[in-house]
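Okay, thanks for coming, everyone.

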Amino acid sequence: MGRFLLARTARLVLVLWGVLTLAFLLLRLSGDPTTLFVAQDATQAQVEQVRHQLGFDQPLIVQYAWFLGRLAHGDFDRSLRFDQPAITLVWAALPYTLELSLVALAIAMLLGIPGGAVAALRPGSVIDFVATLLALVGQSIPVFWLGILLILLFSVQLRWLPVSGSDTPAHLVLPAVTLGAFFAARFAQLTRSGLVEVLTEDYVRTAHAKGLRARTVLMRHALRNVAIAQVTVAALTFSALLGGAIVTETIFAWPGMGRLLLDAVNSRDYPLVQASVFVIALFVSLANLLADISYGVLDPRVGRG
Amino acid sequence: MTVAVGAMPNAPDPDNEQSLLANAVYNLFYDTLVAKDPTGNSVPSLALSWTNDSPTSWTFKLRPNVVFHDGEPFNAQAVKYNFDRIRDPVVKASNGTRFTQVDTVTAVDDLTLRVDTKTPFANLLGTLAWLRIKAPKQLAERPVEFASTPAGTGPFQVTEWSQNNRVVLKAAASWHPASKVANIVVRHVPDDATRVASLQAGEVDLAYAVPIEQIDALKNVGLSIVTAPLGQSMVIEMRTVPDSPLKDVRVRKAIAEAIDIEGIIDGLVGGVARKLDGQPGGPDAFGYDPSIKPYPYDPKDAKALLAQAGVPNGFSIDYNTSVGRYLKDKEISEAVASQLAEVGIRVNIQPLESGVYLDRLFSGKMAPMFDIGLTYAPDMDLDNAFRVETTSNPVQQWADPQFDELYQQTTQAMAIDARKTAMQKASAYLHDQVAAVYLFQIPGVYGLGKKANGVSFRPDYSMLLDNLSQ
């Protein structure tokens, strides 16, 4: 286990370095952000002055060297717009995104897995049809459309829930449901198709033949075997949620990392984009690492030679 | 009162902020030395009076008995600190470039300030709109406090500054008349639809930037909509610098007469924008010339002009449009293209993303025709608009020594009347030479709930709360 972890950690560092370098290159290749920081009627001399102050007139390799040098000290440089260390801004927004992502993931799994299981138990029935239809619709609806729709219904018409912001737990409901709905559909579909396959396996028939109740068969045997696929999807979903909560966070004015990243990209705030991408990559890698470790736990066959 | 805005100022420090919308928040708790009246003339704010002792020297008499929100006294030393700070090369404030002509600032006594400039700086008064007066001791000695409760001299005091999330203010004891509003919360709601929904659900009392399409829907549910022109002109520039058919003034005049500005205002902007009078600013700008009349919509005359200019069958021309940067920018480019097609000019629209747009703008690489929102607020002075047309400007829109000379005169005419005359001459010249097609002043569209009834808006997005009905 120790060597496994060491190898994975080394890989993690490599991946993070690669991601950061890629972000660095792509950002600078898309043009320099000086013009966003000068007055509309600045003279050429003033634009040059600001460009020099921000260091964007240096050759790419020099900028990269500075970048790596600062990284070695854990310094992601200061945000160009907010004049605070970029990493501080990201850490401040991170809890909001984590909260939203985890709750959305929970909703997705709590709705999707049982939904898919129920459909799988009665393939071809009305329940199955409805569940499959909902799954299809859920994955086709654009997130922003669903979000606005939920706002119009639950906030404007019914006044049951707040429109946007993050002040109370009630504020978490609509954004989490919006995000969760899409992935619930995914989980439902995956669970259903996985279970349908598993339920025809020999060991399931044996379990039934042994006289075990249908529910025990389902919970103790069948679901365990689709668990690996579930975990993979959960890890991928979590990664997608971290980065893809951008739209939801914007609609619901949720002060998370996604919105911060979007603003930073629009205003070419390089340090902030780099810091955000780094943190997202970090959590995605961690989620994948956790998933890998869990395989060993869930499936005793993994890790054995 | 709760207010929803689409974008917040980047920081409590206004010296680095370029966005006009930031004034919605800054004006609640910061003041400047002078303010502007609705016709662009400077009126007292923190400075009660001012004189020009020589073309390069100004003396300001300051308002007595003013205290910053953190208890510091407002005086000439505080203003000097602000002047020095915005120009400090260590601070690198982006708005410092506006004050490069200022040489030294001296506190003659507690309430008298002298500003010496390197060359005659006729637009000092307009530029002072960018020098929001911050509490010196707080900024210098307690930066952490400044970052969360910045102290100014305005009618409200910041009690919480939550980056990109919300700013909470309470009515402050200040030199301003007492406010009818006890508390203001400004919330960041970036999505248009969400902002409108917040207003409908009663979660906010005032929503900025209501989409034009939603105006009627909101009126139908009993909410009121207020529109007020911003100090920002929607303009289609016509470059004469790179070689193109636009070099001929008759061609430019033809384009101006082929565009139906009123049709665009009614069709695309809900009829709520004020048409520009053939010049880059409205009556709220210093330098506005009421005698200039815009070119009429006259496609027949446009065709005749094109024939005179030797291009009776029109020509092809590239047009760079921003997308989502200014109100209906892309839609306007499409309307303009179809209107110009009627007189034979085939417009090739090339949309540009914001970052690329700015890149090309500042490196002089725009297409021969391009849209721009010329912002003359908060200065409320046409100096900025004129500067874009000078030969030395990085946009490289125009290179006309005669205009450069006219512009030069506006920067050196110190007496108010002389300067106004000089600016009107420059406006008239731009009009005669058809440097651009001046469409309309971009409107601010605000949705008001019951509690906000009576709020009006200045051309820099800031709120006037004196006439609240409750």
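Let me begin with a question: how much space lies in the second largest cavity? About 60 Å³. Before going on, some housekeeping. This is a predicted model, so local features need pLDDT of at least 70, side-chain atom pairs count only at pLDDT 80 or more, and totals for chains, interfaces and linings use all residues. Residues are numbered from 1 along each chain as its sequence is written, chains are lettered from A and ligands numbered from 1 in the order in which they are written, and side-chain values use heavy atoms, with hydrogens and water left out.

Now, what do I mean by a cavity? On a 1 Å grid over the protein atoms alone, a cavity is a set of points where a 1.4 Å probe fits but cannot get out. A pocket is an open set, with protein on both sides within 12 Å along at least five of seven lines, and lining residues have an atom within 4 Å of a point. Grid points are joined across faces, edges and corners, and a volume is the space filled by probe spheres set on the points.

Back to that second largest cavity. Residues from chain A in the lining are A:Gly165, A:Ser166, A:Asp167 and A:Ala253, and from chain B we have B:Asn165, B:Arg166, B:Arg187 and B:His188. By class that lining is 1 nonpolar, 4 polar and 3 charged. For the classes, Ala, Val, Leu, Ile, Met, Phe, Trp, Tyr, Cys and Pro count as nonpolar, Asp, Glu, Lys and Arg as charged, and the others, Gly among them, as polar.

A search of the whole structure turns up 2 cavities of 30 Å³ or more. In the largest cavity there is about 100 Å³ of space. Its lining includes B:Ala256, B:Tyr295, B:His431 and B:Tyr438. Helices here are DSSP runs of H or I, at least four residues, and strands are runs of E, at least two, numbered from the N terminus. The largest cavity has 9 nonpolar and 2 polar lining residues, and no charged ones.

Let's stay with β17(B), residues 436-448. This strand runs antiparallel to β12(B), and 11 bridges join them. Strands pair if DSSP finds at least two bridges between them. One pair to look for is B:Val235 with B:Tyr438, and B:Tyr438 also sits in the lining of the largest cavity. β12(B) also pairs with β16(B), residues 369-375, again antiparallel, over 7 bridges; there B:Met238 partners B:Met369. As for cover, 11 of the 15 residues of β12(B) are buried, where buried means under 20% relative accessible area, exposed over 50%, and partly exposed in between, with a 1.4 Å probe and protein chains only.

β12 (224-238) is also among the elements of chain B that supply at least two residues each to the second largest pocket. That pocket holds about 1,100 Å³ of space. It has 41 lining residues, and the closest to its centre are B:Asn27, B:Ala35, B:Lys36, B:Arg458 and B:Leu464. The lining comes out as 23 nonpolar, 7 polar and 11 charged.

Most residues other than glycine have a negative phi, and most peptide bonds are trans. Here, though, B:Ala377 and B:Pro378 are joined by a cis peptide bond, with omega about 0 degrees. B:Pro378 is in the loop between β16 and α13 (383-388) of chain B. B:Met380 is in that loop between β16 and α13 too, with a positive phi near 55 degrees. Is B:Met380 buried or exposed? Buried, at 5% relative accessibility. B:Gln396, in the loop between α13 and α14 (401-412) of chain B, also has a positive phi, about 50 degrees, but B:Gln396 is partly exposed at 34%.

Last stop is B:Thr410, in helix α14 of chain B. At 0% relative accessibility, B:Thr410 counts as buried. Leaving out residues up to four places away in sequence, B:Thr410 touches B:Ala122, B:Arg419, B:Ala422, B:Met423 and B:Ala426, where contact means heavy atoms within 4.5 Å.
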